[in-house]
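Have the sequence and the 3D view open while you read.

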Amino acid sequence: AYEPGSCFKIVTSSAAIQEKDFTPKSLIFCENGKFKVADHTIHDHTKKYAWLTLSQVLEKSSNIGISKVGKKLGKEVLYKYIRNFGFGNKTGIRLPGESSGILRPVYDWSEFSNYAISFGQEISATPLQLVCMMGVIANGGELVRPFVIKEILNSSGETEKRFKRKVLRRVLNQNSAKIIKEILKDVVENGSGENAAVEGVVIAGKTGTAQKSMPGQKGYVSGLYTSSFVGM
């Protein structure tokens, strides 16, 4: 389990679309790259932005923009969607040693937590949980239990057991999932995920550049990151 960073913005933006608090064209002021709140300063990684739409917030991966989305949602609503997407729980895959990650209950959140968790800090997740998160978008809003074995065959090649698709719950309606999928296509075509583009294939996804901490040092260490991409 590790801090997922900006890949987690999919959860926050999905909640905002589903709750009808934002549309892809909703404008968000991104404070020209520096946003001080609750004795912390949130920065955007590369460029300084003024006004961005929600779609552009994901394309440019603005921490400030998505933190304002998370604040508008509120702690309880954001927490509900994080849980519904499967974070804080094991996925139930039949493999040993799975971690549930770390998701603190709302009563244990600080004033800053609502902002930080919106862009994937103060929470830890496994790569498999992120795959399941993306699966919600790919499957039209349904969270599906992952599995590694499709079927078991006997020595004659006949199927003895088949593991069927199991929907755990509906997280988003189909329209919300479709809207997020279109935004994530733009992330690859025009935004931070351009290196994931594959000629002749339509790719949708999100990048993550999570800051690292180290034993014996307070807070995050400058210049150290866990870089990731989750997509379809």
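The largest pocket holds about 430 Å³ of space. On a 1 Å grid over the protein atoms alone, a pocket is an open set of points with protein on both sides within 12 Å along at least five of seven lines, while a cavity is a set where a 1.4 Å probe fits but cannot get out; lining residues have an atom within 4 Å of a point. Grid points are joined across faces, edges and corners, and the volume is the space filled by probe spheres set on them. Of the 16 residues lining the largest pocket, T41, F112, Q121, Q211 and Y220 are the closest to its centre. Strand 3 (40–43) and strand 10 (220–231) are the elements that each give two or more residues to this lining, and strand 3 gives the most, with 4 residues. Helices (H or I, at least four residues) and strands (E, at least two) are DSSP runs, numbered from the N terminus. By class, the pocket lining has 6 nonpolar, 7 polar and 3 charged residues. Here Ala, Val, Leu, Ile, Met, Phe, Trp, Tyr, Cys and Pro count as nonpolar, Asp, Glu, Lys and Arg as charged, and the others, Gly among them, as polar.

Keep in mind that this is a predicted model: local features need pLDDT of at least 70, side-chain atom pairs count only at pLDDT 80 or more, and totals for chains, interfaces and linings use all residues. Residues are numbered from 1 along each chain as its sequence is written, and side-chain values use heavy atoms, leaving out hydrogens and water.

Now for the helices. Axes are lines fitted to C-alpha atoms, for helices over the stretch in contact, and angles run from 0 to 180 degrees between N-to-C directions.

| Helix pair | Angle | Axes |
|---|---|---|
| Helix 1 (residues 9–18) and helix 3 (residues 63–73) | roughly 50° | within 10 Å |
| Helix 1 and helix 4 (residues 75–84) | roughly 115° | within 10 Å |
| Helix 6 (residues 127–138) and helix 7 (residues 174–190) | about 115° | 8 Å apart |

Angles under 35 degrees count as roughly parallel, over 145 as roughly antiparallel, 65 to 115 as roughly perpendicular and the rest as oblique. So helix 1 is oblique to helix 3, while helix 1 and helix 4 are roughly perpendicular to each other.

Where do helix 1 and helix 3 touch? K9, T12, S13, A15 and A16 in helix 1 meet N63, I66, V69, G70 and L73 in helix 3, where contact means heavy atoms within 4.5 Å. That contact has 5 nonpolar, 4 polar and 1 charged residues.

Helix 1 meets helix 4 through V11, T12, A15 and Q18, with L78, Y81 and I82 on the helix 4 side. This contact has 5 nonpolar, 2 polar and no charged residues.

Finally, M134, V136 and I137 of helix 6 meet A177, I180, K181 and L184 of helix 7. By class, that makes 6 nonpolar, no polar and 1 charged residues.
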